[in-house]
Structures are given as structure tokens and as C-alpha cells.
Amino acid sequence: MINFMRAGVVAAAFTIGATGVAIAQQASTFDAVRARGVLNCGVTTGVAGFSNPDSQGVWRGLDVDGCRAVAAALFGDATKVRYVGTTSQNRFPALQSGEVDLLVRTTTWTMAREASLGFQFAGINYYDGQAFMVKRSLGVTSAKQLDGATVCVQPGTTTELNLADYFRTNRMSFRAVVIESIEEIRNAFISGRCDVYTNDSSSLASFRSTQGANAEQYVMLPEIISKEPLGPVVRKGDQKFFDLVRWAFFAQLAAEELGVTSANVDQMLTSQNPEIQRLLGVTGGLGQMMGVDNRWAYNVIKQVGNFEELWERSITPMGVPRGINALWTKGGLMYAPPIR
């Protein structure tokens, strides 16, 4: 049985912590980060495609690029980031305490996290949903066949609650194997300690993509049992920093829609399209409104890329199609408000 009492204690501690942080945050996060000269960005401890150090120790992934985009917008330099690996348990205390300025680490936007923890989500960089993975040898083709299964799951996540809700709704039983570390939970699944591994479908795809020749041994079941909108998280109380994080992401979506890429952005500076002129800071003075250089979005696109470039670089290699993460003009949900 999942220890929901324990989860309640953690949530209460977060609430108390959030109150303390709100008092401490009379100083602007925006100003503090600028004065420090580096953005402290909370990421995962290692999830391929999202935030994971490569063989040279360089952090890469969709979420890492989210951190880099904010640094590019604020400093004009995408390299001014210190990556802080966080777990599902310590990520929120790290943000509340000020250890990190920003979380971009596969975190689901929920009402409770905004209403009780003192956070704000600045957007959605990945529309996800919870799924189940089993070994092909198990012969299971549907989650409805999992009655009595042993399921590996991380504590302190929306995944844990969704799992219990799904099995209860479908009048099935299960035994949870609750493991904190993502690496340990995957090892437990591989070794047969649990029959099923449940997580966001993106995380399951990430795991499968790292298995090389053994990838075909693992099957993702067709059911998606939840909505998991993932995105960057900041502390409440600093609208200026929130605006910067939000619009750095929107600039990448707008650039994709307008056909502006890291390769052609210099050429696009002479474009006669008024939307492109405003996006790249040629006209409009929009950067000044946020307290940054008018070429803030140019810096984001030049140094990090538009959203399509991020996706192709980090998510496509996992074999995951854009799907609902496509632009609204291509049948997806990704949509940037007007930059004007």
C-alpha cells in the first residue's frame, strides 16, 4: 500500500516552507540572479532527452535547453547556468529554499502545487501522460490485465496518486515498490523486482531509448491514464522573473511558427515581417519592458534554437513523435501568445 500519510506530512512541510520563502523573497529573484551572474537551475539527476550529462559531463536535453534559454534572455549568454540535479523528493524544497532559482525537470503543473507550495508554472514545454511499461515476455497487452501486479513507482510524484486512482477505479489490486532514485527504479524493473514500471510516457520512452539492443524487450501499454503537463516552475512573488521564464519559452515557439532558426536568425534581422522584427528586437522595445536587452529573443534563438530544434535534438532520437506537442498550426497544442 502506498503511504499517503507520509505524502501528507511532506506536503504540510512544503506549505510551511512556502510561507517562510514568501517572507524571504522580498528581494527580487531577477535581480539576485543577475547580480550573481549565473542561473541556478534545478534539473533531474539524469533522464535522457530531458536533462542528462553526456560522456563529457555536458548537460543536454529539452529541460536543459529551457534553462539555457532563460540564461540567454537574461545575460545574453546561454552558458551562464549551474545545473543542480534534483530528485522527485527534494526538488520542491530546493526551489522553496532558494537553492535553485528555477525548476525545469519534468514537473507536472497541478493546482495543489501552485495553491499550497508557493509556486507558479511559467508554461508547458511537454504535454505528457502517465503510462505503463512491461517486459514483452509477460504477454500483457493492456493495463486492464495488470490486476495483482507489482508496480515500481517513485514517491512524492503525481504518478503515485494516479496509479492508486487507476487501479481503484478499475477494481484491480497491485503492490507498489516505491523507490526514490530513477536509476534504482529502472534497475529494479530490469531485474524483475516488479512486473510493471509506471511513469510519464516520456520518461518510459527515455528509459527504453537507453537500452540499445534490449529495447525490444520492453513494451509500453496503450493506455494513457492521466494528463501530465510538464513545465518550468518558479517561486511566487517575483513577477519579473516569472515573465522572463515564460516569454523565453514562448519566444522559441514563436520562432518555430515564423520559421526563424538558429541557422537563419542573423539573416532574419533584415526581414520585413513585423512579427519577426518585434521578436528579434529590431522594433518594439519589448526587451526593455522586461528589464533585458531588446535582443533577448534573438539571443535565445541564436544560442539555443527554436522549439523544433530543441525537439529534434533531444526528443526525436528517443523515437517519440511530436503528436500533441506540435504547433497549433499543425494540429498540436503548442501555442505562443502574440509577442507584441
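Analyst: A residue is called buried when its relative accessible area is under 20%, exposed when it is over 50%, and partly exposed in between, using a 1.4 Å probe and protein chains only. Helices here are DSSP runs of H or I with at least four residues, strands are runs of E with at least two, and both are numbered from the N terminus.

This is a predicted model, where local features need pLDDT of at least 70, side-chain atom pairs count only at pLDDT 80 or more, and totals for chains, interfaces and linings use all residues. Residues are numbered from 1 along each chain as its sequence is written, and side-chain values use heavy atoms, with hydrogens and water left out.

Let's begin with helix H14, which spans residues 307-314. Its buried residues are Phe307, Glu309, Leu310, Trp311 and Ser314. Among the elements that cover them are H3, strand S7 (126-128) and H9; contact here means heavy atoms within 4.5 Å. The N-terminal end of H14 is capped by Asn306, which has a side-chain oxygen 3.0 Å from the backbone nitrogen of Glu308. That is a polar contact, a pair of N or O atoms within 3.5 Å; within protein, one must be able to donate a hydrogen and the other to accept it, and residues adjacent in sequence count only if both atoms are side-chain atoms.

Now look at one of those neighbours, helix H3 (residues 62-75), whose axis lies 9 Å from that of H14, at an angle of about 145°. Axes are lines fitted to C-alpha atoms, for helices over the stretch in contact, and angles between N-to-C directions run from 0 to 180 degrees. From H3, Leu62, Asp65 and Arg68 meet Phe307, Leu310, Arg313 and Ser314 of H14.

In H2 (residues 29-36), the buried residues are Thr29, Phe30 and Val33. They lie on the same side of H2 because they cover an arc of only 105° around the axis, the arc being that of the directions from the helix axis to the C-beta atoms. Their cover includes strand S1 (39-44), H3, strand S14 (233-235), helix H9 (239-258) and helix H12 (286-290).

Where H2 starts, a side-chain oxygen of Ser28 comes to within 3.1 Å of the backbone nitrogen of Phe30. Just past H2, Gly37 adopts a positive phi of about 85°.

Gln154 sits in the loop between strand S9 (149-153) and helix H6 (158-169). Is Gln154 buried or exposed? Gln154 is buried, at 13% relative accessible area, and its side chain reaches the backbone oxygen of Glu180 at 2.9 Å. Gly156, also placed between S9 and H6, is partly exposed at 31%. Leaving aside neighbours within four places in sequence, Gly156 is in contact with Ser88, Gln89, Arg91 and Arg113.
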